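Subject: Structure handover

Hello,

Here is the structure for you to look through. My notes follow below it.

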Amino acid sequence: MDDHDLAGRVGRVEALLDEVTDPRGVELIQALLDLYGEALSRVMTAASAAGDGLPERLAADQLVSHLLLLHGLHPVDARSRIEQALRVARKRLGGGSADIVAVEPEVVRLRLRPARGGCHSTAATLTSALEQAVRAAAPEIEQVEIEVEETPAPPVVVPVESVRRITDRDRPGTPAP
């Protein structure tokens, strides 16, 4: 099953869940989730015992990662996943930087420093890209707050040699002595 087929099946499951109104249907779904959660827990326990980074390798698969998150079994904490996403996103920041200010159970706070000379729309585009990266890496996070730190323009430096005292003889229209 490729990613396209998988996305279609996930969409179908979500649509079917929206249609479930019978309390017994809800109970059945919850019982299945609990059963699969327990099975995944046992798989992850065995993977951890095997060592050699097996739990992390399993979690590297996007579908497995989402299922592990759903059941609270992901072997990599949210902060580490977000740090990895920011390392990848930095390549698209064009000389700017993004740092984690805080990772709380429901909120992530980032500080974005766009590259000098970037326009406001660039900052907005980067903010959107960072938010998407955080949500993809840590879908359990409810809110992503990004503070855009404006970088001041560099000071204007006028070389001393270019500043000289203007005398009467330097003014246009003044006769030469």
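The lining of the second largest pocket is made up of 10 nonpolar, 5 polar and 4 charged residues. Please keep in mind that this is a predicted model. The volume of this second largest pocket is about 370 Å³. Among its 19 lining residues, Ala59, Ser65, Arg81, Ala136 and Ala137 lie nearest the centre. Helix H3 (54–59), H4, H5 and H6 each contribute at least two lining residues, and the largest share, 5 residues, is from H5.

The largest pocket holds about 820 Å³ of space. It is lined by 20 residues, with Val10, Val13, Leu63, Leu67 and Leu70 closest to its centre. Two or more lining residues come from each of helix H1 (3–19), helix H2 (23–50) and helix H4 (62–70). H1 gives the most, with 8 residues. By type, this lining has 14 nonpolar, 3 polar and 3 charged residues.

Next, the core. The largest nonpolar core has 17 residues, and Ile82, Leu86, Leu110 and Leu130 have the most contacts inside it. Helix H5 (78–89), strand S1 (97–103), strand S2 (107–113), helix H6 (120–137) and strand S3 (143–148) each give two or more residues to this core. H5 provides the largest share, 4 residues. Leaving aside residues up to four places away in sequence, Leu130 touches Leu86, Ala89, Ala98, Leu110, Leu112 and Ile146.

One more residue in H5 is Gln84. Gln84 counts as partly exposed because its relative accessibility is 40%. Its side chain makes a polar contact of 2.9 Å with the side chain of Arg87. Gln84 and Ala137 are 53 residues apart in sequence, with their C-alpha atoms 8.2 Å apart in space.

Regards

Note on methods. Residues numbered from 1 in each chain as written. Predicted model: local features only at pLDDT ≥ 70, side-chain atom pairs only at ≥ 80, totals over all residues. Heavy atoms only, no water. Core = buried A, V, L, I, M, F, W, Y, C linked by side-chain atoms within 4.5 Å. Buried < 20%, exposed > 50% of the residue type's maximum accessible area, 1.4 Å probe, protein only. Contact = heavy atoms within 4.5 Å. Polar contact = N/O pair within 3.5 Å; in protein donor to acceptor, adjacent residues only side chain to side chain. 1 Å grid on protein atoms, 1.4 Å probe; cavity = no way out; pocket = protein on both sides within 12 Å on 5 of 7 lines; lining within 4 Å. Points joined across faces, edges and corners; volume = space filled by probe spheres on them. Nonpolar A, V, L, I, M, F, W, Y, C, P; charged D, E, K, R; others polar.
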